[in-house]
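Here's a quick briefing to read alongside the coordinates. Have the viewer open and follow along.

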Amino acid sequence: MKFAVIVFPGANCDRDVAYVTRDILAQPTRMVWHEDSDLGDVDVVVVPGGFSYGDYLRCGAIARFSPAMQATVAHAKAGKPVLGICNGFQILTEVGLLPGALVRNRDMRFICDRVPLKVERTDLLWTSNYSAGQVITLPIAHGEGCYYADEATLAELEANRQIVFRYSGPDGSMDEASNPNGSLDNIAGICNRAGNVLGLMPHPERAADALLGGVDGLPLFEGLVRSLVAA
């Protein structure tokens, strides 16, 4: 499996992703500078977290125009996997690969914490190593992570089973107390209708090594590699 990790000015999680794909999973990993429009023959593109272009205008608003993201859009439209984490999720909504938007957190504060998530789907490349309804714990670190969409879009997400992760309590319950940023319907991560593009605000790459205090994010990457190799 060949991974490409997009590198933007202001990104701070690109090396974290590469540590998982290259060092833990031993998969070829290429760091792609934002001005590079040639992704080569990669299988998976990861748009990492951080503060691309300093988050000027709004999160992801400038990054969407980068040559690397235009190549990523073509990669996604060819049916190949694209993963957006935190700022990467914001960029995927800005560029139109995923619906909705990420806006300021409910309390207008930056949140850095570990939170429980309920896995809503296990029939995707990304979630095949999880069990249905499983509650996992992943770190979050964002100031604009509140997922918002209009009622029609939310209805489509539900109807097409595009909600992949939801913020929850440790027992899988969902209420205001288990929703750290005010996201509508407790949405923490969604996919496109085809299922090849996934965006989520929590950081699976920061929970992929026991030395960091948890490995609940590792199955996402392991399941992806296993599914694509099997295909």
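The 19 positive and 27 negative charges of the protein chain have mean positions 3 Å apart. Lys and Arg count as positive and Asp and Glu as negative, with His and the chain ends not counted; each charge is placed at NZ of Lys, CZ of Arg, CG of Asp or CD of Glu. Keep in mind that this is a predicted model, where local features need pLDDT of at least 70, side-chain atom pairs count only at pLDDT 80 or more, and totals for chains, interfaces and linings use all residues. Residues are numbered from 1 along each chain as its sequence is written, and side-chain values use heavy atoms, with hydrogens and water left out.

**Overall build**
- The protein chain has five helices and eleven strands, taken as DSSP runs numbered from the N terminus (helices: H or I, at least four residues; strands: E, at least two).
- Its radius of gyration, taken over C-alpha atoms, is 16 Å, close to the 17 Å from the globule rule for 231 residues (2.2 Å times the number of residues to the power 0.38), so the chain is as compact as a globular protein of that length.
- Along the principal axes, the C-alpha atoms fill a box of roughly 45 × 40 × 35 Å.

**Surface and contacts**
- Of the 231 residues, 56% count as buried (under 20% relative accessible area; exposed is over 50%, partly exposed in between; 1.4 Å probe, protein chains only).
- The accessible surface is about 9,700 Å², with 51% of it belonging to carbon and sulfur atoms; areas come from the Shrake-Rupley method with a 1.4 Å probe.
- Take contacts (heavy atoms within 4.5 Å) between residues at least 6 apart in sequence: 75% of them join residues at least 24 apart.

**Helix 5**
- Helix 5 (residues 218–230) has 13 residues and reaches 18 Å from first C-alpha to last, close to the expected 18 Å, which is 1.5 Å times one less than its number of residues.
- Its buried residues include Leu218, Phe221, Leu224 and Val225.
- Cover for the buried residues of helix 5 includes strand 1 (3–7), helix 1 (14–24) and strand 9 (163–167).

**Helix 2**
- Among the buried residues of helix 2 are Met69, Val73 and His75.
- Strand 4, helix 3 (87–94) and strand 11 are among the elements covering the buried residues of helix 2.
- Gly79 follows helix 2 and has a positive phi, near 85 degrees.

**Positive phi outside glycine**
- Ala26 has phi near 60 degrees, sits in the loop between helix 1 and strand 2 (29–33), and is exposed at 60% relative accessible area.
- Tyr53 has a positive phi of about 55 degrees and lies in the loop between strand 3 and helix 2 (67–77).
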